[in-house]
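Me: Hi, I have a structure open and would like to go through it with you. Could you take a look and answer a few quick questions?

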Amino acid sequence: MSDNDTRNAAPGQVRLAAGDTEVTVDPANGCRLASLRIGGTEVLRQGAKYGSFPMVPWCGRIKEGRFRNGGEVHQMPVNSPPHAIHGTGRDVAWKTARADATSAAFTYELLDPDAAPWPYPGRVTQLVELAEDCGSLTLTMGVEASGDSFPAQAGWHPWFLRRLGEEGERSEDVRIDFSAAWQEERGEDHLPTGRRIDPRPGPWDDCFGMPDGVDVTLTWPGRLELKVTSRAEWVVVYDEQEAAVCVEPQSGPPNGLNTMPRLVTPIDPLEISTTWAWRTLA
């Protein structure tokens, strides 16, 4: 990676750039995207817990932090009582495997001694690719098993700013547009009940089914349109915070390790990708 690729990035961070677009990845902080600047405008909420982080080896909540694999029951740390939430990958340092001007690859070992106690060996890889035409960003994640098979999920949790521009600047709230086949009914414990219902109007902290692939459009009137797409069939939309909204493509629903387990085996890794494509409206 050249000096030009790392300018304006903090030590250890990786900066990708094409045209007027810059992406900063922070592998030491859960391999999250710390920043996405399009035409000089920041799109992601800033702060150590924000940006956009990978959810792996599960997405959303696991009921009471427990999941079963065959006859074994495993307990994950309850970090959002009474549940475990968003995986362990966001809490560990990833290694930078390679990086150039517009793309980079990162890895971490699931049995990393510094990670939460995930019980199965394997490797997670995240690839970040900024298009050379500076009009899109593609994120790809893979989960590989190096021993026993295990259930897993993967996805992303981006915090998109509700309003673009500097504080105090007049800007309209983002609009979220999508058409889902169904909504997972959410119980009082914030987990899907198993019942599929017709999509309801927001505000949302809800999971939606899109069997033809995730397709959600964010529009900041007069500023920017950004489309989130993925071949994944599930998306969580969260817009209950004042500062930001979340559109989270993922390989299964919340608590899916229990309700819809997808086994990762040494010959059948889990792979998922998402593309954010944008155009300016000014």
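This is a predicted model: local features need pLDDT of at least 70, side-chain atom pairs count only at pLDDT 80 or more; totals for chains, interfaces and linings use all residues.

Me: Which side chains does a polar contact join to Glu185?
Reply: There are Thr193 and Arg195 to mention here. The side chains of Glu185 and Thr193 make a polar contact of 2.7 Å, and a polar contact of 2.7 Å also links the side chains of Glu185 and Arg195.

Me: What about the second largest pocket, what volume does that have?
Reply: That one comes to about 250 Å³. It is lined by 17 residues, with Trp234, Ser251, Gly252, Arg262 and Leu270 nearest its centre.

Me: Which strand gives the most to the lining there, and how do the residues divide?
Reply: Strand β26, residues 270-280, gives the most to the lining of the second largest pocket, with 4 residues. The lining as a whole divides into 7 nonpolar, 6 polar and 4 charged residues.

Me: Back to His86, which is among the residues closest to the centre of the largest pocket. What is its phi?
Reply: His86 has a positive phi of about 70°, although it is not a glycine. As background, most residues other than glycine have a negative phi.

Me: Where does His86 lie, and is it buried or exposed?
Reply: His86 lies in the loop between β9 and β10. His86 counts as buried because its relative accessibility is 11%, under the 20% cut-off.

Me: Which other residue has a positive phi without being glycine?
Reply: One of them is Cys134, with phi near 55°. Cys134 sits in the loop between β12 (122-130) and β13 (136-145).

Me: Since we're on cysteines, how many disulfides does a search of the whole structure find?
Reply: The search finds 0 disulfides. Take Cys31, which is in no disulfide: the nearest cysteine sulfur, in Cys59, is 15 Å away. Cys31 is also buried, at 1% relative accessible area.

Me: Why is Cys246 too far for a bond to the closest cysteine sulfur?
Reply: The closest cysteine sulfur, in Cys59, is 13 Å from the sulfur of Cys246, so the pair is too far apart for a bond; the cut-off for a disulfide is 2.5 Å. Cys246 counts as buried too, at 0% relative accessibility.

Me: Now for the backbone. Where are there cis peptide bonds?
Reply: One joins Pro81 and Pro82, with omega about 10°. Pro82 is in the loop between β8 (72-75) and β9 (84-85). The bond from Gly202 to Pro203 is cis as well, with omega near 5°, and Pro203 is in the loop between β19 (192-197) and β20.

Me: Trp204 is in the loop between β19 and β20 too. What is it in contact with, leaving aside neighbours within four places in sequence?
Reply: Trp204 is in contact with Ile176, Phe178, Val237, Tyr238, Asp239 and Glu240. The Trp204 side chain also reaches the backbone oxygen of Arg200 at 2.7 Å. Trp204 counts as buried, with a relative accessibility of 11%.

Me: Last one: where is Leu257, and how far is it from Ile62 in space?
Reply: Leu257 is in helix α2, residues 256-259. Leu257 touches Ile62, and its other contacts include Trp58, Phe67 and Trp118. At 2% relative accessibility, Leu257 counts as buried.

Methods. Residues are numbered from 1 along each chain as its sequence is written. Side-chain values use heavy atoms; hydrogens and water are left out. On a 1 Å grid over the protein atoms alone, a cavity is a set of points where a 1.4 Å probe fits but cannot get out, and a pocket is an open set with protein on both sides within 12 Å along at least five of seven lines; lining residues have an atom within 4 Å of a point. Grid points are joined across faces, edges and corners, and a volume is the space filled by probe spheres set on the points. Helices (H or I, at least four residues) and strands (E, at least two) are DSSP runs, numbered from the N terminus. Ala, Val, Leu, Ile, Met, Phe, Trp, Tyr, Cys and Pro count as nonpolar, Asp, Glu, Lys and Arg as charged, and the others, Gly among them, as polar. Buried means under 20% relative accessible area, exposed over 50%, partly exposed in between (1.4 Å probe, protein chains only). A polar contact is a pair of N or O atoms within 3.5 Å; within protein, one must be able to donate a hydrogen and the other to accept it, and residues adjacent in sequence count only if both atoms are side-chain atoms. Contact means heavy atoms within 4.5 Å.
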